[in-house]
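Hi,

Here is the structure I said I would pass on.

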Amino acid sequence: MINSNEVSPVKMSNEQKQDIMRSILKEESMINITLKPIEQEVFLAEDPQVALLKLKCFQELINKERLAYAEHLAEVFEMIGDDAYRNLGFILKQFVHDSYSIQLSIIRQLPLLVEQIKKRQSGYVELKDHVLPFMNIFLVHEDSDIKKEVLTQLLKIAPFLIESDKVDTILAHLIEMAHDEKNHQNRILAAETFGQTASLFSMKYCESYICGELLSLGIDLNEFVREKAIEQLPNLSVSLSQKCIELKIIPFFLQSCEDRQIKFACIRSISGISKYTGHHLKTQKLIPKYLDFLSDQNKEVRKTAYEYLGEFISTIKFTEKDQQQMDILLAYYQNQLDKNINMMGVDLVYKCAYYFPGVLQAIGRNRWLLIQPLYGFLLKYPSDKVKISLAYSFHEVAKLLGPDLSKQYLITVLETLAQDKLQEVRNGIVVNLSKFISIFPIEERDYVIDLLLNFQKDQHKWRTRQIICTSIFPITRCFNNDTIFFHIAPILFKFCSDTVAKVRRKASKNVIHLVETFEEEGEQRTVILEQIRAFSHSKRFNQRQSYCWMCYKLFYRPDFEDLFFERLFELCKDPVQCVRLSAVIVIDKFIQKEGFSKERKYLKYLLVQFIDDQCKEVQLILTKYNFVIQKTKKKTLSCRSRNSGSSNGHLEDIPEFDEKIEQIRKSSGKV
């Protein structure tokens, strides 16, 4: 018999059933997505003893947990403290036979671990007895990637080692690898590392061991070994005497240039060798060899020689005796105007632009007119990469030319690059604008103001305005106080009211440079200070926000309490949330960096202003200072009660600053 109280099942169509199933599956998938990261998450133990136990029993952990501890080994050691270092050798042995990924992670952690070890009293002993033997195990590892990673990290640790330990740990293993006739990968790695390690050893070891081993690898049967050896000659030459370079490096290099298999490596290396070679060897040996490269029958060899020609010329200081050689090299350099040459690729033209200042320095400003057409060609070349290089090196060209030639040839170039459509090109000009201005006499610098005004007017180029704000301090140093007051200051204050928040923030933080420029009392200083305070009284919230950002740097000034505190104190209760939030963020960042001090007691009172703020972000920041806020609040209330109950008006126990706070509250009607 059916109970009448039972609810009869609802009849649903197939479509309704499918809709319900879809919603259920969707919810289940969302649950899986949410839970999946939590299931995969591995948390490191916060208890030092538990963490130490896990390191001692490392092989018993699951793979994900082992990987997590391996990737954060230095942090875990720092947390555990002395107990971890006492077990350093045992812990490191746990990783020797682990997986490839864990071994790599441990090896990459070693320099960070050594940074901590060297601070300990017994640090060097622990480094020598445990870390170096551990790394030596991997130097004979079968995997070349592991070996390469160990050598990379070992080079970071090497500066902490005494020379005898560097010889035993690094040099001995490299020599052994260089003599491994069965494995050419070991010889390649040895050749690559010999050059990188040369600067770590004294000249005695470089000339007696490293030089000989590297030159031996330079005649190896394997072309890739020979190529690596040639590429490392510049790095080795840094640590050799001129005599060794003349008797060993140059003859060996010239002989290697005849090997067609490694000729490209020779072209890439010749400029680096030339930097450390005497002038007579450059003119008698290296320049003739480079001319051979430029006239080689192989088109690819000629192309590579043209690519590195600017770099090679920049390593030579030509004298009157070298006039003929310089003219020949310069003629080849100018050949890049030829379509047959510059059509070889963008990289060739880019390197021509990149090394243009170096070439100008080598030949001198007297020969500027010879390469000026090439400079014009580079400016018009349709490549962003080339234009960016020219923009960032523009000030270097101007410095080499001097004020007269720069005024004649570069002003129009400056205006063109400054108005370029590409952001990176404009940034290159603005970043180094102060260096360009400084080459001119102070009375001839005002024309740059118009350029800054144009940037200010163009609302679409806000990133350029942001870069100007960053560079405003070195720019102000290029002008006298009157120019700064009448031209630079209005531009900076205009940026403080910019439509883009990032520009306003950068500009506001640099207003302090104006205050520092006009330190002496006077009408100009008064106007600057009034203009800064005017931002705090503005009806526009973004200008009041800018005042908060200005205060970040103004906090450092001893006169902040007298000049700027009152308005910031009131802005902490501003009706607009983003103004209050900016104020508390600025205060928080300053405290995090500098902490509390007796000189800046007002910071505590500023924090108290936010106690009743309804903004969640504000309250989140305040949680870090709850103790300070409560203590300050109780102290203020206690002082007030003692003051009201005192018959003789004795204020000895009341902080002087509390009186100022009360005056501000009364004047604003917020008692």
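Below is what I found, starting with the charged pairs.

Keep in mind that this is a predicted model. It holds 30 salt bridges, and I picked out a few to go through.

Let's begin with D83 and R86, whose closest N and O atoms are 2.3 Å apart. Both sit in helix 5 (residues 82-86), and because they are three residues apart there, about one helical turn separates them. An α-helix has 3.6 residues a turn, so residues three or four places apart point the same way. As for cover, D83 is partly exposed at 25% relative accessible area, while R86 is exposed at 58%.

Another salt bridge joins K387 and D420, with 3.2 Å between the closest N and O atoms. This pair links distant parts of the chain, 33 residues apart: K387 belongs to helix 25 (residues 384-409), and D420 to the loop between helix 26 (411-418) and helix 27. K387 is partly exposed, with a relative accessible area of 24%, whereas D420 is buried at 13%.

Then there is D559 with R525, where the closest N and O atoms are 3.6 Å apart. Here too the pair links distant parts of the chain, 34 residues apart, with D559 in the loop between helix 36 (541-554) and helix 37 (560-563) and R525 in helix 35 (residues 523-537). D559 counts as buried because its relative accessibility is 17%, under the 20% cut-off. R525 is buried as well, at 6%.

If you like networks, look at E227, K228, E231 and R268, which are linked by salt bridges.

Now for the surface. R463, K502, R505 and K589 form a positive patch. Of these, R463 lies in helix 30 (residues 462-470) and counts as partly exposed, with 45% relative accessibility.

Helix 27 (residues 423-431) is mostly covered, with seven of its nine residues buried; Q423, V425, R426, N427, G428, I429 and V430 are the buried ones. The other spot is E126 in helix 8 (residues 123-139), which counts as buried at 9% relative accessibility. Leaving aside residues up to four places away in sequence, E126 touches Y85, L88, I117, R120 and V131.

Cheers

Terms used
Residues numbered from 1 in each chain as written. Predicted model: local features only at pLDDT ≥ 70, side-chain atom pairs only at ≥ 80, totals over all residues. Heavy atoms only, no water. Patch = residues over 30% accessible without salt bridge, like charges linked within 9 Å, V, L, I, M, F, W, Y side chains within 5 Å. Areas by Shrake-Rupley, 256 points an atom, 1.4 Å probe, with all protein chains shown as cover. Salt bridge = Lys/Arg side-chain N within 4 Å of Asp/Glu carboxyl O. Lys, Arg positive; Asp, Glu negative; His and termini not counted. Charge placed at Lys NZ, Arg CZ, Asp CG, Glu CD. Helix = DSSP H or I, 4+ residues; strand = E, 2+ residues; numbered from the N terminus. Buried < 20%, exposed > 50% of the residue type's maximum accessible area, 1.4 Å probe, protein only. Contact = heavy atoms within 4.5 Å.
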